[in-house]
Every structure is written in structure tokens, then in C-alpha cells.
Amino acid sequence: MRDQAQADIQVLIIDADNAGGGKLYPLTFIGQNHFQELHDTLTFSTKASDT
């Protein structure tokens with residue numbers, strides 16, 4: 001969507017290195033409009049040996 005104000009949910013994804021040499025991906029969900037009460041973060045982590 002081009003206008004973020006019209007979206008019902010925004011998803012922010014950040015990648016960072018974790019201590020084990022893999023990656024850490026926190027996904028932050030921010031609700032707007034009908035989903036205004038929604039705000040949650042899920043985190044996904046990989047190992048250095050993952051392909």
C-alpha cells in the first residue's frame with residue numbers, strides 16, 4: 001500500500017546478527033483503523049549453519 005495511513009496493519013521487520021553467528025528477525029505488528037488495539041512482536045532466530 002502506498003499510503004501507510006490506509007493500511008490496517010503495519011509490519012516492521014528488522015534483521016540483526018545474534019550471538020551464535022546466525023540472524024535474529026523481530027517482526028513487529030502495529031494495528032491501525034479496525035485493528036487499533038493490535039500491537040505484537042514475534043521473533044525468529046536462525047543458526048549460523050542454516051542455509
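Buried means under 20% relative accessible area, exposed means over 50%, and partly exposed is what lies in between (1.4 Å probe, protein chains only). This is a predicted model, in which local features need pLDDT of at least 70, side-chain atom pairs count only at pLDDT 80 or more, and totals for chains, interfaces and linings use all residues. Residues are numbered from 1 along each chain as its sequence is written, and side-chain values use heavy atoms, with hydrogens and water left out.

**View 1. A nonpolar surface patch that includes Ile 9.** Let's start with Ile 9, which belongs to strand 1 and is partly exposed because its relative accessibility is 35%. Strands (E, at least two residues) and helices (H or I, at least four) are DSSP runs, numbered from the N terminus. Together with Val 11, Ile 13, Phe 35 and Leu 38, Ile 9 makes a nonpolar surface patch of about 400 Å². Patches consist of residues with over 30% relative accessible area and no salt bridge; like charges are joined within 9 Å, and nonpolar side chains (Val, Leu, Ile, Met, Phe, Trp, Tyr) within 5 Å. Accessible areas come from the Shrake-Rupley method with a 1.4 Å probe, and for residues only the protein chains shown count as cover.

View 2. The side chains of Gln 10 and Gln 32 make a polar contact at 3.0 Å. Such a contact is a pair of N or O atoms within 3.5 Å; within protein, one must be able to donate a hydrogen and the other to accept it, and residues adjacent in sequence count only if both atoms are side-chain atoms. Thr 28 is buried, because its relative accessible area is 18%. Residues up to four places away in sequence aside, Thr 28 touches Gln 10, Val 11, Leu 12, His 39, Asp 40 and Thr 41.

**View 3. A salt-bridge network of Asp 15, Asp 17 and Lys 23.** A salt bridge is a side-chain nitrogen of Lys or Arg within 4 Å of a carboxyl oxygen of Asp or Glu, and the whole structure holds two of them. In one, the closest N and O atoms of Asp 15 and Lys 23 are 3.8 Å apart; in the other, those of Lys 23 and Asp 17 are 3.1 Å apart. Asp 17 is exposed, with a relative accessible area of 62%. These bridges share partners and join Asp 15, Asp 17 and Lys 23 into one network. Asp 15 is partly exposed at 45%, as is Lys 23 at 28%.

**View 4. Phe 44 in strand 4.** Phe 44 is partly exposed, because its relative accessibility is 49%. Not counting residues up to four places away in sequence, Phe 44 touches Lys 23, Leu 24 and Tyr 25. Leu 27 is 17 residues from Phe 44 in sequence, with 8.0 Å between their C-alpha atoms.

**View 5. Asn 33 in the loop between strand 3 (23-31) and strand 4 (39-45).** Asn 33 is partly exposed, with a relative accessible area of 39%.

Key: Contact = heavy atoms within 4.5 Å.
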